[in-house]
Structure formats: C-alpha cells, structure tokens
Amino acid sequence: MRRGDACSDFWKEYLAGQNRNVLLILGLGFDPRMCVGLRMLSEAEVSCVKECLLIKYNEGANSPSREYGHLVRNNQNTMFSLMNGKGIIREIDVPMLSNDGRRIGSRRASDAIGGDIIKRFDNIVVDISSMPRGIYFPILAKLLSLFDAQAADGTSAPSANLHVLVAEQVSVDEKIQEEGIDDHADYMHGFSSDLVRESTASVPKIWIPVLGEGKEAQLRILHDHVVPHEICPVLPSPSVNPRRADDLVAEYRELLFDRLRVEPANFIYASEWNPFEVYRQIYRTVERYNDALEALGKCKVVVSALSSKLLSVGALLAAYEAKRNNFMVGISHVETPGYRIQGQIDSCNPEMCSLWVAGECYNA
Amino acid sequence: MREPRNPFRLRASEHIESDETFVRLFSPEVLDMLSTPNIWERPQIIRSAPGGGKTSLLRLFTPSSLRTIYALRTREYTKDLFKSLSALGAMDDSGPCVLGAFLSCGHSFATLEDLDLDDGRKRRLFLSLLNARITLSTLRGVLDLRQKDFSELAAVSLAKGSSTTKLPDGILDATGPSLYEWAQDLERTVCEALDSFLPLSESSLPGHDSLVALSMLSADGLLFEGSSVAQRVLVMLDDIHRLTPKQREWLLDAIFSLRSSVGIWVAERLEALTVDELLSQGVSQGRDYGGVVPIEDYWRGRVSKFEKMISSVADRRTRDTREVEIGRFADCLQDTLDGDEWQSVYQRGISIVTDRVKQRATGHSEFTAWISEREKGSGTPRERLLAWRTLEILVERELRKTPDFFELDTADLEQKDASDVRVAAELFIAREFGLPYYYGLSRLACMASSNIEQFLWMSGDIFEECVSAALLKRATQLAPPDQERILRKSIKAVWKELPQRVRYGTQVMRLLESIGKLAKWETEKPNAPYAPGVSGVAILMSDRDKLKNALQRPSNDGLALLAEVIASCIAHNLLEVKLDYKCKGQYWMVMYLNRMLCVHFNLPLQYGGWREKRLLDLLDWLAKGFVPPSGRSGFVP
C-alpha cells in the first residue's frame with residue numbers, strides 16, 4: 001500500500017517505460033475526487049490507461065443524488081479530456097433498483113465485469129473514490145474471483161495485477177452524506193450463500209461490524225438482518241485522533257451495550273490507516289471463532305463495513321479470503337437511496353492511496 | 001451476550017435468545033386475536049405495520065417455545081399463557097399438540113427474480129427452494145419437539161400408505177436422513193447458483209410445480225420412532241413482504257390451491273399490499289380464501305383490551321430487569337397533577353381565566369347564571385381551573401352563535417359541559433400554563449397507536465430513567481413533566497428519522513406535517529369547535545377511487561404520487577385509516593395521525609375530530625406544505 005507522494009511515486013516507477021496495458025474502472029458520480037486517480041496515472045505515464053470502464057450507476061428517480069447532475073457532467077468532461085486520444089472509454093449502465101423497487105445494484109455491478117477482462121489487460125485499476133460500497137464491493141469480489149478462477153484453471157499463472165485506488169479527504173467525506181437508508185439490509189451478491197441456508201440455521205453466527213461515525217440507524221438495521229449470537233465490533237485504533245475509538249463507543253453506548261448487549265472484551269482494534277490491518281484482524285477473528293466453535297459445527301461470520309472506503313476494502317478482502325478458504329462468511333450491507341452535499345465543498349485536495357491486492361507481488 | 005439492563009430495549013423477538021425470557025415476556029392477551037374458528041385448518045394471513053408483533057406471535061408456536069411453556073406451566077408468569085394456548089388447542093396436559101415449523105422468507109427468495117430465466121422457470125425454482133426450506137425447518141422442528149439432537153434424525157420417517165407416499169424425485173426413501181439430504185442439496189444448489197459470480201447453468205437448477213413439502217409433511221404422515229409427532233403440523237412463513245409481488249402471488253396461489261392438511265400461517269407487513277389494496281378494504285378483510293389477522297386493526301377496535309395487554313407486556317419487562325426491583329410499570333409513572341408543587345399554578349390560572357371569562361361576558365347578561373355557578377367553586381384547584389376553562393370555551397361558542405336573547409341557566413351549562421369540551425380545556429390549560437399533558441400509562445397506551453413496538457420504545461426510554469434513578473437511590477416514579485420531556489424527545493428523534501425510514505420519506509413527512517399543522521390550527525380555535533380536537537383529515541370515498549385510478553393510469557397531475565405517499569403512511573402505521581365513514585350524507589376515508597405524532601404537534605390523543613379535504617389541498621400540501629389561512633383572530637392564549 002502506498003499513500004500520498006509515495007503513491008504517485010510508486011505509479012511513476014511502476015509504469016515508466018514498461019508499456020503497461022492498464023484498464024481503469026471508474027464510477028461516474030458527482031464526487032469531486034472522481035478523476036483524481038486518472039489524473040495521477042496520466043501524469044505518471046501519459047497513455048498508460050488503454051481503456052476506461054465507466055460504471056454509470058443509476059440510483060433511481062427519487063435519489064437525492066440527481067440534484068448534482070451538473071457536477072456529474074463536469075466530472076465526465078474532465079474524464080473525457082484526460083482520456084482524449086489516449087484510450088477508449090466504455091460505459092456500462094448499472095441500475096441500482098429493479099422496476100419493482102428492489103436493490104439489484106450489487107448483482108448488476110458484478111455482471112458489468114466480463115470474464116475476459118483479466119486476459120485483455122495486465123493491470124486492472126479500480127478507482128473506488130466515487131463509487132458506493134454496493135458497487136465497488138461486488139466489482140472487486142468479481143475481479144478477485146476471476147483471478148482465482150484463472151489460477152485454479154492451472155493453464156497459466158495470472159499475469160494481471162489488481163490495484164485499488166482511493167482518493168481520501170476527510171473534509172469531503174464529511175460533506176457528502178447519505179440521505180435516507182433502506183429499511184432492511186441484505187447480503188452482498190457473492191457473499192450470501194452460506195448465510196441464508198436453512199440447513200445452516202442452527203450454526204452460531206458472529207457479526208463483525210467495522211464501526212464509523214453516524215451510522216446508528218444502519219447498525220440497527222444490519223443487526224436486525226444478521227441476528228447474531230455474538231458481536232465483535234471493529235474500532236479504529238491507532239488513529240489520528242487518539243480518542244476516536246472511545247468516541248465511537250460513547251456514540252453507540254446505548255445501542256451496543258443496552259440493546260445489542262456486546263461484551264466489552266469482544267472489541268477488535270485495527271489501525272485506521274491500514275486496510276491490511278483490518279483484513280488481518282478480521283481474518284484472524286474468523287479463524288479463531290471457527291476453531292473455538294468447531295464442536296458446534298463451526299460458525300457463520302458476517303462482516304459489515306460502516307467506516308471509510310479504505311477500511312471497507314480491508315473488510316472485503318478478509319471476507320473474500322475467508323470464503324475462499326471455505327469458512328462460512330457473508331457481507332451484510334444496507335443501501336442508501338442517494339447522497340447529498342451538506343453545504344459546499346470548498347477545496348478538493350485528497351490524498352491518494354493505492355492498494356495492490358492481487359497479481360505479481362503475491363505470485364512469488 | 002450480557003443480560004439486558006433495560007428489558008424494554010429487547011424489542012424484536014428475534015433478539016431474545018432464551019426461550020424462557022421470551023415466554024416470560026410474552027403477554028397471553030395477544031393470543032385473543034387468534035380466537036377465530038378454523039385457525040388450524042384455514043390458512044391465516046397475519047398482517048401489521050413494522051413492530052406489530054407478528055414474528056413474536058409466530059415464535060410462540062415453535063417447538064422450543066411451546067416446550068418451555070409446558071415445562072413452566074405452573075409458574076406464575078406462564079400459567080395464563082399455558083391456559084390460553086390450551087384453549088386454542090396448541091397444547092394440552094400431555095404437552096404441545098402442534099409441530100410449528102418457522103421459516104423467514106426474507107432471505108434470497110427475491111433474488112431469484114433477478115435471474116435470466118422465464119417466469120415459469122422462476123416459479124418452479126421458487127417453489128423448489130420453498131419446499132427444501134419447509135422440509136428442513138420441519139425436520140428440525142420434529143427433533144426440537146422431541147428434544148433430540150441431529151444424530152437422531154434417523155428416528156424420523158414418513159408413514160407408509162398415507163397421502164405422503166408420493167415423494168418428489170431425488171428422495172431415496174421416506175426416512176429423516178434421506179429427506180434432509182434431499183432438501184439440503186436442493187437448497188445448496190439454488191443458493192450457490194444465486195450467489196455465483198459465474199454464468200448460470202440453467203440445466204443444473206431444480207424445479208417444482210407445487211408446494212409438495214406440505215403434502216409430504218402432514219400430521220398423520222410424520223412419525224418419530226414410528227409414532228405420530230404431533231396432532232397438528234403448522235408451517236409459519238414470516239416476512240412475506242420481502243418476496244417480490246409475483247412471488248407473493250405464486251406463494252398464496254400455491255397455498256390456497258393445495259388445500260393441505262398442514263396448517264399455514266403467513267405473516268407480512270402492510271407494505272406487501274399494493275397501493276391499491278392499502279387504499280381499499282383489503283387492509284382489513286383480505287382475500288376470501290383465508291383468515292386475515294390485521295394486528296393493529298384488531299387492537300384499534302379494542303382499546304381497553306390493548307391497554308390491558310400492553311400493561312401486562314410492560315409489567316413482565318419491568319419485573320425482568322436485573323438491576324432494580326420495580327413491581328409494576330405503572331408504578332414508574334406518576335399519573336396525577338394534584339401535588340403541592342402545582343397548586344400555585346392552578347391558583348394563578350383560576351385568577352387569569354376567571355378575569356378573562358368575565359371580561360368576555362361583559363355586556364352579555366345571558367351568562368350570569370353560568371358565571372355564578374362557577375364562582376360557587378367546589379372541587380380541587382385543578383378541577384376549578386378546568387371548570388373555568390371549560391366555561392370559557394362554552395362562552396366563546398355561544399358568542400359565535402346568532403344571539404337568541406334567552407338567558408342561559410345552569411341546566412344548559414350542565415348539558416353543554418361535556419367530557420370532550422373538558423378534554424379540550426385540559427389541553428388548552430396545559431399549553432397556557434406550561435402543565436404536562438402527555439403522561440400516565442393510559443395516555444402512553446394511546447400514544448402507541450395499537451403498535452407494540454412503538455409502545456416498547458417509548459416505555460423503554462421512560463424505564464431507562466427509572467432504572468437510572470433507582471441506581472442513584474432516588475425515587476423511581478417519574479413525575480409527569482419528566483415523562484412528557486422524555487416522550488417528546490423520543491418522538492422527535494423518530495420524526496427526524498422519517499425521511500430515511502419510509503418510502504417517499506420526504507413527501508411523507510411533508511404530508512404529515514401539513515396534517516399536524518392543520519389539526520393544531522383547528523384544535524386551537526377558542527371555541528374548540530371539534531372538541532376534544534382535530535387529529536386527522538378525510539377525503540371523499542369517491543376521491544379515494546380517483547387515487548386508485550391514478551395508479552392504473554398515471555398522469556402528470558400528481559395523484560399517483562399522492563396515492564403512493566398515503567399508502568406509505570398507512571403501511572408504516574403513520575396514518576390510521578377508517579373507510580366508508582358516513583358524515584354529512586357522504587362517505588369518507590378518514591385518516592388519523594399516529595398518536596405519537598399528536599404529541600409532536602401538541603394535539604389531543606382522542607380520536608374523533610377530523611377535517612374534510614379535497615385532493616387538490618393534499619397535492620398542495622405535498623408541494624408547499626400547509627399554510628394557515630390568514631385573518632383569524634382570537635387564538636387560544
């Protein structure tokens with residue numbers, strides 16, 4: 001993982017003179033950070049991005065996000081100008097809602113990723129800066145499964161690499177707020193099979209929510225969905241604000257202790273800067289619970305990401321890895337109809353983070 | 001998990017892990033709503049808004065709950081429950097008579113709709129997944145009822161020669177392990193196909209044409225160690241509203257066309273109904289092929305029964321707290337305003353209101369007898385203030401009439417001094433002199449609007465303060481102002497969350513706010529013309545039909561959106577509806593605000609007062625909100 005200047009340095013070094021064949025997957029939205037990753041890649045190597053797969057997710061006619069059509073168009077123009085003459089742009093529509101109002105975004109996002117993608121490009125970069133969790137989780141999971149399928153095929157080692165880019169700026173995150181949430185949660189496509197089966201109904205269920213601020217309503221809905229036997233909340237520690245974990249506990253005191261009856265010893269701590277730390281902590285928890293509950297038929301683990309995009313990627317990687325290793329793992333998620341900008345975004349100077357999640361560096 | 005500090009916080013039954021805790025908290029009065037003929041023979045549809053208590057009701061009939069009740073049948077807190085269940089035929093002196101298989105339809109069924117298959121194939125896949133899950137749940141229920149673990153599955157079998165002999169393809173023989181293996185494989189195949197990132201292989205997917213599991217698993221066919229498991233088998237399907245509309249139709253058709261001997265109860269939220277059904281009698285009557293148990297409607301028609309039931313629910317939770325000892329929940333709620341601390345307020349009030357009445361009556365000799373009667377002044381200061389404020393309303397009413405120059409005597413006063421005017425007067429006094437109005441168990445029960453969960457969260461916040469007081473060694477009984485403060489805070493939080501919580505949330509909020517503001521404006525008129533106050537609006541039934549038609553033929557007049565918004569309010573119990581209400585020679589659809597919203601808008605809790613509105617008015621409210629007509633004078637002080 002690289003962040004800030006080290007991130008742009010990495011890409012300069014990685015792309016310089018290598019003639020890399022890069023596919024960039026971008027979400028088309030109003031977030032001002034949408035094109036920051038593309039700009040960084042273009043500055044590192046002018047024509048490295050051979051194709052840009054633009055995910056045009058549609059949050060529905062009543063979404064508050066529709067107010068920001070002008071910002072979406074600005075972002076799209078910026079993207080066109082950065083890509084102009086250097087690579088092709090392929091647009092894919094991803095409806096978030098079916099005609100009868102059900103959430104179908106996660107399945108449709110996964111379908112948007114064709115099976116041949118890792119044969120056509122040697123580097124796939126998913127910039128999740130302007131994608132909602134319900135879109136980037138299934139996209140990353142689908143890509144990881146394609147990498148695994150190729151490796152399992154045995155005919156050739158995967159030659160492609162998978163990177164995740166995130167443009168992080170807390171002040172912008174604070175301004176872009178979810179408006180409204182669905183009244184029920186669901187398991188993310190690709191992460192439900194083991195959890196929903198009646199034949200596993202008596203297997204104990206552990207819930208690992210990665211906590212972030214202002215998500216009490218989501219936590220309640222997720223808890224109603226999961227109905228866990230045990231809860232292990234993940235708190236960000238260490239963090240820039242040393243009291244952040246305490247503040248989160250104080251914020252959710254009534255919910256965690258009075259309603260959900262969480263054991264204080266169950267809290268898991270992971271660095272707020274490092275998604276791989278979240279990955280390790282969650283994965284270890286999955287392993288330990290399964291060891292401890294082996295006599296009861298092991299356990300089912302449900303992960304819910306309610307924190308930053310970076311930490312959410314860590315949670316996804318842990319769930320994916322655990323599922324690959326035949327643990328019963330699911331991701332429970334509650335969607336939002338859309339987002340609204342609170343006030344005005346005065347400046348956009350995000351810090352870029354890059355995670356190399358599959359490929360050459362792991363093959364050795 | 002830790003024991004709960006505040007048992008009121010344990011709302012949904014799914015979150016109460018221990019069966020003993022669950023049955024201890026369950027109030028037997030709830031079972032009265034099942035006291036209809038043929039509940040075991042005819043399919044039953046249990047329907048309510050979120051938090052109505054559907055899942056708790058179903059959970060009570062699962063083997064582990066019934067066994068627990070039977071085991072504890074002599075205990076104080078389960079004695080009545082045992083008696084009620086015995087009266088229903090769910091158990092007798094030898095133990096549970098029902099094998100209840102519980103299944104939530106919340107998971108994965110709706111996802112089937114997203115597969116690239118034709119409707120016929122989707123229906124077969126849907127029914128096969130249901131068959132698998134009903135079979136798994138029933139087999140688990142058998143073991144649970146007999147208190148056996150999974151290793152004894154081999155003792156389960158299907159009777160030879162019964163109606164169950166025709167087994168679906170893939171089942172090796174009529175034994176428990178074969179049935180389980182078949183159902184498990186079937187379910188796994190469907191779930192893995194649904195969850196896979198790879199393209200769907202259609203040929204590998206199973207399919208059934210009917211709910212064959214209901215034929216297989218009848219009471220006379222299901223055996224454990226060669227003998228019948230229970231007198232009745234009951235399949236309980238929860239969360240039907242999470243199915244797609246098409247799947248719900250397939251399910252209900254499959255159930256009703258099968259005419260199985262297995263009892264079937266399905267539970268769903270009102271939101272499962274179409275907007276058309278929500279705006280129709282369908283809410284209360286349902287389709288003619290089965291019984292419908294509309295939970296909120298049931299309680300609305302039985303107010304005192306509801307109060308008794310929630311009082312019992314509250315007492316059970318109060319006794320269950322580990323931290324403090326409080327006998328009854330009612331003991332936490334001081335329900336009078338006769339304490340010394342209020343006497344000076346009443347004296348001041350009497351002086352102010354008396355002066356005002358006399359001033360208003362100046363030059364109107366017809367009120368002399370009424371004023372003299374009040375000046376005799378019997379009763380407590382509170383009663384006297386109430387009497388004077390009632391008189392003020394009555395004087396105001398008389399002054400607005402065409403003068404008839406007859407003197408009004410005390411008999412007139414007695415006749416006009418009705419309870420509804422006194423309720424309005426109490427509300428006016430509370431507002432003018434800063435007295436609490438929303439307090440006491442009886443009013444708390446009203447505020448619940450026939451919804452148990454609504455009652456629990458409001459009571460939970462009150463009980464929290466009582467527990468804290470007990471821990472600090474202070475009196476646990478909350479004074480009325482504290483009760484009102486807590487309730488207002490809780491309700492405000494719910495109100496603020498509304499746009500996020502319900503479909504068309506922003507529009508729902510705007511409509512409710514408009515109704516609330518109109519009701520307040522009407523209620524506060526000095527002559528209290530709709531005493532005790534207005535708390536709803538009504539549209540003509542013919543306008544209701546226009547709303548329904550708008551859904552069939554959407555146009556740009558906004559009626560379709562209005563229909564959707566009203567339906568969303570009904571589905572979430574935010575508006576309580578009365579259809580075909582006859583008034584002024586016309587039929588009306590009356591929509592009352594949920595009673596907690598009456599607190600938010602400072603309205604009385606009683607039903608009764610409503611104002612007729614045109615669809616254009618409501619459309620206007622959706623766009624701009626309610627604007628009070630200008631030029632009115634003489635508001636309540």
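Residues are numbered from 1 along each chain as its sequence is written, and chains are lettered from A, with ligands numbered from 1, in the order in which they are written. Since the model is predicted, local features need pLDDT of at least 70 and side-chain atom pairs count only at pLDDT 80 or more, whereas totals for chains, interfaces and linings use all residues.

Chain A is divided by the domain assignment into domain 1 (2-176 + 342-363) and domain 2 (183-334), such bounds being taken from an automatic or database domain assignment. The C-alpha centres of these two domains of chain A are 25 Å apart. Between them, 19 residues of domain 1 of chain A are in contact with 16 residues of domain 2 of chain A, where contact requires that the C-beta atoms of two residues, placed from the backbone, lie within 7 Å. On the side of domain 1 of chain A that touches domain 2 of chain A, two or more residues each come from helix H4 (105-111), helix H6 (133-153), strand E6 (161-168) and strand E16 (351-358) of chain A; helices (H or I, at least four residues) and strands (E, at least two) are DSSP runs numbered from the N terminus. H6(A) gives the most to this side, with 8 residues. The residues of this side of domain 1 of chain A comprise 11 nonpolar, 3 polar and 5 charged, with Ala, Val, Leu, Ile, Met, Phe, Trp, Tyr, Cys and Pro counted as nonpolar, Asp, Glu, Lys and Arg as charged, and the others, Gly among them, as polar.

Within chain A, strand E2 (residues 22-27) is mostly covered, with 6 of its 6 residues buried; a residue is buried if 20 or more other C-beta atoms lie within 10 Å of its own, exposed if 12 or fewer, and partly exposed in between, with C-beta atoms placed from the backbone. In a regular strand the side chains alternate between the two faces of the sheet. In E2(A), Val22(A), Leu24(A) and Leu26(A) point one way, while Leu23(A), Ile25(A) and Gly27(A) point the other way, and all are buried. E2(A) pairs in the parallel sense with strand E3 (residues 49-58) of chain A over 6 bridges, pairing being assigned if DSSP finds at least two bridges between two strands, and Leu24(A) stands opposite Cys52(A) in E3(A). From E2(A) the chain crosses through helix H2 (residues 36-44) of chain A to E3(A) in a right-handed β-α-β crossover, that is, one in which, with the strands pointing away from the viewer, the path from the first strand over the helix to the second runs clockwise. E2(A) is also joined by 5 bridges to strand E5 (residues 123-127) of chain A, which runs parallel to E2(A), and Val22(A) has Asn123(A) in E5(A) as its bridge partner.

Elsewhere in chain A, Arg288(A) lies in helix H12 (residues 275-292) and is exposed, with 12 other C-beta atoms within 10 Å.

Chain B contains 25 helices and 14 strands, and 47% of its 637 residues count as buried. Its C-alpha atoms fill a box of roughly 100 × 60 × 45 Å, taken along the principal axes. The domain assignment gives domain 1 (18-30 + 37-272), domain 2 (299-331 + 438-501), domain 3 (340-433) and domain 4 (502-637) of chain B, and the C-alpha centres of domain 1 and domain 3 of chain B lie 62 Å apart. Strand E4 (residues 98-104) of chain B is largely enclosed by the rest of the structure because 7 of its 7 residues are buried. E4(B) is joined by 7 bridges to strand E8 (residues 232-238) of chain B, the two running parallel, and Ser104(B) has Asp238(B) in E8(B) as its bridge partner.

Between the chains, 31 residues of chain B are in contact with 25 residues of chain A. H6(B) gives the most to the side of chain B that touches chain A, with 6 residues, and the residues of this side divide into 10 nonpolar, 9 polar and 12 charged.

The largest nonpolar core has 261 residues, of which Ile55(A), Val301(A) and Val303(A) touch the most other members; a nonpolar core is a set of buried Ala, Val, Leu, Ile, Met, Phe, Trp, Tyr and Cys residues joined through C-beta atoms within 7 Å. H5(B) gives the most to this core, with 12 residues. A second, separate core of 26 residues includes Leu337(B), Val423(B), Ala424(B) and Phe428(B).
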